[in-house]
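Student: Please take me through some local features of this structure, with the criteria behind each term.

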Amino acid sequence: MKRLAALAFAVIAACAPVPQGPEPIRLDFPEMRSFAAESPGPSQRPNSEIALDFIDLAFEMESGRKLPLFTRFEEPITVRVAGKPPQSLLDDLEGLLNRLRREARIDIRFAQGTDANIVIEAVPSRALQRVAPNAACFVVPRVQSWAELRRARNTPTLDWATLRRREKAAIFLPSDAAPQEIRDCLHEELAQALGPLNDLYRLPDSIFNDDNIHAVLTGFDMLILRAFYAPELQSGMTEGQVAQRLPRILARLNPRGERPGGQIPSSTSRAWINAIEMALSDGNSDNRRRQAAARAVAIGQSLGWTGAREGFANYAFGRLQIGNDATLALGAFNAAGRAYGQSAVTNIHSAHIAVQLAAFTLISGDANATLAITDEAIPVAEQHENAALLALLMMFKAEALDLQGKTDEGMALRLDSLGWGLYGFGSREEVVDRLNEIASLPPQIPPS
């Protein structure tokens with residue numbers, strides 16, 4: 001289940017008083033840009049860590065409930081699309097299926113007729129929210145349509161724990177969201193329909209993480225799915241049986257991972273998860289959300305956590321201080337940046353922090369610092385196929401170039417950001433709002 005993006009993209013104009021910005025930007029838009037559905041790169045962690053991750057992903061659900069048996073599809077898998085899908089969904093699905101065949105070696109294809117193992121139905125967002133208020137999209141077993149889902153609610157039909165093997169599943173995602181949000185839903189929910197049903201906050205390199213940092217399936221995710229469909233495994237196996245076979249499977253599939261690992265991360269405490277979920281929930285007051293994020297930071301510190309969880313707690317705290325306390329926000333973003341900067345595995349996490357830090361440097365009029373931040377982050381956002389993040393970073397860089405008097409170069413970059421912005425944000429109005437918001441951040445130089 002992909003959660004609503006509670007930490008949605010925004011800039012920090014409210015963190016400090018800034019002069020009235022320039023006239024609203026009016027531009028001719030190019031065609032929407034999209035990615036070629038390439039892998040962000042191979043898994044980089046040792047197999048000893050990945051084996052533990054696999055077991056926790058395969059035999060537990062997000063709620064913490066244990067799954068008694070290993071389950072997967074045992075025959076070639078077919079997929080069809082229902083509802084009123086936008087063209088971007090169909091294009092992105094084709095790219096995703098190609099990646100699953102190429103990288104995870106899963107036999108999965110579009111259905112030729114109306115019968116399919118997995119049905120992907122595009123549903124209006126308001127209807128989705130009535131069924132699952134805190135989810136942007138979700139996947140369920142056994143049913144094949146929205147009408148069938150509604151009839152099966154609150155029955156054992158939708159209980160993953162009662163499966164002995166997977167035969168049918170349905171994915172419900174928004175028909176009216178931005179193309180990137182639909183694609184992100186597609187990646188996570190199709191991966192969960194095929195494999196792991198769990199999300200783990202400790203994973204720095206996976207879409208199976210409720211931090212929503214990764215937009216598309218990573219090399220780690222593809223390795224997990226490839227292991228899920230290894231011939232040595234089959235539906236109905238117990239955790240012990242899978243754990244016994246897993247080291248040899250990973251050694252065969254990922255020989256580069258056959259090296260000593262560091263300290264294996266501890267399990268994520270339920271108290272930390274509860275605090276983060278409260279911080280991310282729009283159903284709580286701003287003050288309660290800030291308190292919850294601060295509590296998550298404190299819990300992580302008391303447990304000695306470093307890396308992805310430390311960074312995310314600080315990132316959440318910083319985002320929630322926007323408009324409330326600029327000093328606390330900047331301190332939290334710097335702490336998150338230090339946590340994420342410990343490893344190349346969390347480069348995309350650092351790129352998310354770069355957006356926030358670029359806003360501070362732009363507000364202060366420091367063009368050189370803004371360029372240094374965005375130049376480092378832009379290739380990372382592109383590699384990880386995050387168009388919304390990429391567009392924002394390009395917009396910040398364009399403003400920094402304007403501050404240096406390089407207005408033609410800045411305008412060319414700004415125009416180049418528009419196609420990515422359409423994919424990431426969904427409409428010209430949304431893109432222009434972000435352009436104008438970022439344009440209001442630099443200190444305005446009075447005419448001479």
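Student: Are Phe 59 and Phe 70 buried or exposed?
Tutor: This is a predicted model, in which local features need pLDDT of at least 70, side-chain atom pairs count only at pLDDT 80 or more, and totals for chains, interfaces and linings use all residues. Residues are numbered from 1 along each chain as its sequence is written, and side-chain values use heavy atoms, leaving out hydrogens and water. Buried means under 20% relative accessible area, exposed over 50% and partly exposed in between, with a 1.4 Å probe and protein chains only. By that criterion, Phe 59 and Phe 70 are both buried.

Student: What kind of aromatic pair do Tyr 201 and Trp 272 form?
Tutor: Rings of Phe, Tyr and Trp (its six-membered ring) pair if their centres lie within 6.5 Å; planes under 30 degrees apart count as stacked, over 60 as edge-to-face and the rest as tilted. The ring centres of Tyr 201 and Trp 272 are 5.1 Å apart and their planes stand at 75 degrees, so the pair is edge-to-face.

Student: Why does Ser 235 count as buried?
Tutor: Burial is judged by relative accessibility. Ser 235 counts as buried because its value is 16%.

Student: Which residue's backbone oxygen does the side chain of Ser 235 reach?
Tutor: Contact means heavy atoms within 4.5 Å. Not counting residues up to four places away in sequence, Ser 235 touches Phe 70, Thr 71, Arg 72, Glu 74, Arg 164 and Arg 165. At 3.0 Å, the backbone oxygen reached by the side chain of Ser 235 is that of Arg 72.

Conventions:
A polar contact is a pair of N or O atoms within 3.5 Å; within protein, one must be able to donate a hydrogen and the other to accept it, and residues adjacent in sequence count only if both atoms are side-chain atoms.
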